[in-house]
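Here is a friendly walk through one structure, from the fold of a single chain to the way the chains meet. Please keep the 3D view open as you read.

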There are 4 protein chains.
Amino acid sequence: MTIGKKHWAIAEGYIPPDDPAKPREFISHEAACLLNATDKDAHVKIMIYFSDREPVGPYEVVVGARRTQHLRFNDLNDPEPIPHGKDYSSVIESDVPIVVQHTRLDSRNAGIALLSTTAYSDS
Amino acid sequence: MTIGKKHWAIAEGYIPPDDPAKPREFISHEAACLLNATDKDAHVKIMIYFSDREPVGPYEVVVGARRTQHLRFNDLNDPEPIPHGKDYSSVIESDVPIVVQHTRLDSRNAGIALLSTTAYSDS
Amino acid sequence: MTIGKKHWAIAEGYIPPDDPAKPREFISHEAACLLNATDKDAHVKIMIYFSDREPVGPYEVVVGARRTQHLRFNDLNDPEPIPHGKDYSSVIESDVPIVVQHTRLDSRNAGIALLSTTAYSDS
Amino acid sequence: MTIGKKHWAIAEGYIPPDDPAKPREFISHEAACLLNATDKDAHVKIMIYFSDREPVGPYEVVVGARRTQHLRFNDLNDPEPIPHGKDYSSVIESDVPIVVQHTRLDSRNAGIALLSTTAYSDS
């Protein structure tokens, strides 16, 4: 059984500026969780879009057959790091079907709550 | 490669009333993140729906080719500001395909947690 | 332009037990945000599903033409209130297309964070 | 009326390591909320995918006709418990249509906020 699609987009993107001395599990970050439930490795290319300049990428990632990868945008470095505190979006292409979910953990400020969802479209 | 749709809706809408002296990154707000991954500018029109009066709009926004815009509903002023502390919804139309994601940051009260998702529909 | 569907489901449902003396904007609650962007009133019927007994409903709501209604499950009383602290799900039917988004505000405990999303399906 | 699909995926998965002495409603957990609005029992099989080893499963669950089950991944034990503090994903198959929603409650650290959504795909 195959589940997934080859083209994905995440319109929201924002890495909260944070203290780099925090432990990895609690430092503010954004992730694209990439599930490859197929029996072939997924060669994934990510383009990052900004509000005020041309897109950057592709960032290239391999997600093994029957594996998941919770990719932190904070960890992307090639061709260049993604700036913190700046709005961005991402478009993700894979050569085999994958499933993509977006998450953010924000630990800058104990006083905030967040919600997000992809909006609804039928045409 | 083109990704996106031309018609979008966000059923949830609520700008928490907050202290305007807070810094911009932490003041309570709602945003529609608009990704235009095409090679043409997107001319976007937003209608705002209320519980107790006729819709207001269109609010007009241009998202450049290959750009993202994280549009705060708090910043919409023409034809009129969106009231804070009132339920609303939005319908978003674009002349080229875009991708839309909804977010809220609520910093009124440190004691709350939030979740949200577009519901499921297949017919 | 019409946007929406006539049949919706929200698999998650849980009204956190909370102190009824809290102000309405901060008491823990769940809502179904219902957007009717059509030019006809929407006659909406909601069935509530439980883990250990037969479904209850329909709860009936009218969302006016070109109106939104952020319906709190806490406020549903006919045929019976929805119990707090119990898992439920909901199925929502409308006679005209609507858009539905689910939200929860949880103010029981300042120490929690929440996330939720409808899962991915393509078949 | 039938609503739902037979194949679902949740790309995000992470059970925060937490103090097992916390009360059940507040201990950190992840859940798949499974709604079976049909008139037949749903026989559900869940496969768990990891970043560094072969998938584990199927975990088998029955959701009765016209019932919901808010299944905690923390409670899955057969064939083996899901490790805490490790990234995973899940693929969920049912023999009748169901609706699936993903949630996490994180109570490790009062200073964090979370958001998540399934990304957007149209091809």
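## Fold of chain A

Chain A has 7 strands and 0 helices, where helices (H or I, at least four residues) and strands (E, at least two) are DSSP runs numbered from the N terminus. Its elements run β-β-β-β-β-β-β from the N terminus on. This is a predicted model, in which local features need pLDDT of at least 70, side-chain atom pairs count only at pLDDT 80 or more, and totals for chains, interfaces and linings use all residues. Residues are numbered from 1 along each chain as its sequence is written, while chains are lettered from A and ligands numbered from 1 in the order in which they are written.

## Packing

Of the 123 residues in chain A, 50% are buried (20 or more other C-beta atoms within 10 Å of a residue's own, all placed from the backbone). The C-alpha trace spans about 45 × 35 × 30 Å along its principal axes.

Among contacts in chain A (C-beta atoms, placed from the backbone, within 7 Å) between residues at least 6 apart in sequence, 72% join residues at least 24 apart.

## Where chain D meets chain A

On chain D, 28 residues are in contact with 36 residues of chain A. β7(D) gives the most to this side of chain D, with 6 residues.

Strand β6 of chain A (residues 88-106) and β7(D) run antiparallel, joined by 6 bridges; strands pair if DSSP finds at least two bridges between them.

Notes. Contact = placed C-beta atoms within 7 Å. Buried ≥ 20, exposed ≤ 12 C-beta atoms within 10 Å, placed from the backbone.
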